[in-house]
Amino acid sequence: MALAGAMRDHQFGSLDGLRTAIRAWLVEYNSRPFQKRDGSRLSVFEGEEKPLLIALPPVAYEVMDWVYGRRVQANGHVAYARNWYSVPYAYVGSTVDLGIGANTLEIWHKNTRLCTHRLLPASASNKYSTNGADLPGKTMWRPWDRKRCERWANRIGPDCATVIGKLFAMERLDEQAVDPALAVLRLSKRYSAQRLENACSLALQSVASPRYAHIGPILESGQDIAGVIPDDAGDHGADGGDDGAGWVRGGDYYANMGR
């Protein structure tokens with residue numbers, strides 16, 4: 001009210017003119033002595049309030065949007081808005097949270113900020129923002145990609161290579177198929193390469209695009225050794241039955257799945 005009264009008889013031709021007048025009025029108003037006590041608003045501020053103030057943060061507070069529970073992929077990056085942002089390699093396979101500001105993207109793990117990226121433009125797609133410090137030396141780590149997965153699959157056999165090719169063909173981005181492909185390929189560490197090749201061959205007979213969920217049970221139950229998948233296997237494991245070993249309901253049932 002005091003300010004409105006002080007300005008009521010003035011006219012201003014610009015916002016800057018109004019601001020200058022208000023600043024001058026505030027200096028006079030705060031220096032004006034109190035009527036019933038010693039001092040002024042300015043003296044109270046400088047003597048009692050100013051010593052209690054702390055410095056403002058060096059970075060202005062920013063309201064952020066949050067995305068929770070994003071998994072760090074085998075390529076050392078996490079996906080957001082059709083693009084990829086690097087995470088320290090020690091957190092590959094971990095779940096992280098993303099804080100998205102106007103111009104930056106922060107990656108957090110259990111209340112600890114791991115890194116910060118400049119947000120890629122909204123028009124960007126399948127682009128990578130990679131901090132060099134997030135990746136270890138080349139002798140320690142090499143990112144998994146489609147070509148590396150395909151080379152491993154070709155060493156196992158042609159049917160395994162077909163399975164891996166189908167996994168990549170099903171995804172819009174190659175990076176999305178790396179983990180499913182590795183899940184299949186790493187079965188060769190628990191079983192021989194020949195057994196995995198046989199399991200892939202059997203799976204391809206019943207499923208258009210087999211995955212780990214199809215191939216793993218074949219190996220666990222030894223169906224790859226017998227060389228045949230029983231038609232009634234799906235009457236047990238597929239619906240959560242007792243033996244847990246079967247996964248198919250017969251060739252006719254799966255003939256068109258995954259296409």
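Tutor: In this predicted model, let us begin with two helices: α7 (residues 193–206) packs with α8 (residues 212–221), their axes being 9 Å apart at an angle of about 120°.

Student: Why is α7 described as oblique to α8?

Tutor: Angles from 65 to 115 degrees count as roughly perpendicular and those over 145 as roughly antiparallel. The angle here is about 120°, so α7 is oblique to α8. Their crossing is right-handed.

Student: Which residues of α7 and α8 meet?

Tutor: From α7 come Arg195, Leu196, Ala199, Cys200, Leu202 and Ala203, and from α8 come Ile215, Ile218 and Leu219. Of the residues in this contact, eight are nonpolar, one is charged and none is polar.

Student: How is a pair of aromatic rings described?

Tutor: The description uses the distance of the centres and the angle of the planes. There are four aromatic pairs in the structure. One of them is the stacked pair of Trp66 and Tyr68, at 6.2 Å centre to centre and 15° between the planes. Trp66 and Tyr68 also belong to a cluster with Trp108, linked by ring pairs.

Student: Is Tyr68 buried or exposed?

Tutor: Tyr68 has 59% relative accessibility, so it counts as exposed. Trp66, at 37%, counts as partly exposed.

Student: Why is the pair of Trp84 and Tyr128 stacked?

Tutor: Planes under 30 degrees apart count as stacked. The planes of Trp84 and Tyr128 lie at 10°, with the ring centres 6.1 Å apart, so this pair is stacked. It links distant parts of the chain, since Trp84 in strand β3 and Tyr128 in strand β7 are 44 residues apart. Trp84 is buried at 3% relative accessibility, whereas Tyr128 is partly exposed at 35%.

Notes: Residues numbered from 1 in each chain as written. Predicted model: local features only at pLDDT ≥ 70, side-chain atom pairs only at ≥ 80, totals over all residues. Heavy atoms only, no water. Phe/Tyr/Trp six-rings, centres within 6.5 Å; stacked < 30°, edge-to-face > 60°. Buried < 20%, exposed > 50% of the residue type's maximum accessible area, 1.4 Å probe, protein only. Helix = DSSP H or I, 4+ residues; strand = E, 2+ residues; numbered from the N terminus. Axes fitted to C-alpha atoms, helices over the stretch in contact; angles between N-to-C directions. Parallel < 35°, antiparallel > 145°, perpendicular 65-115°, else oblique. Left-handed = near helix turned anticlockwise from the far one by under 90°. Contact = heavy atoms within 4.5 Å. Nonpolar A, V, L, I, M, F, W, Y, C, P; charged D, E, K, R; others polar.
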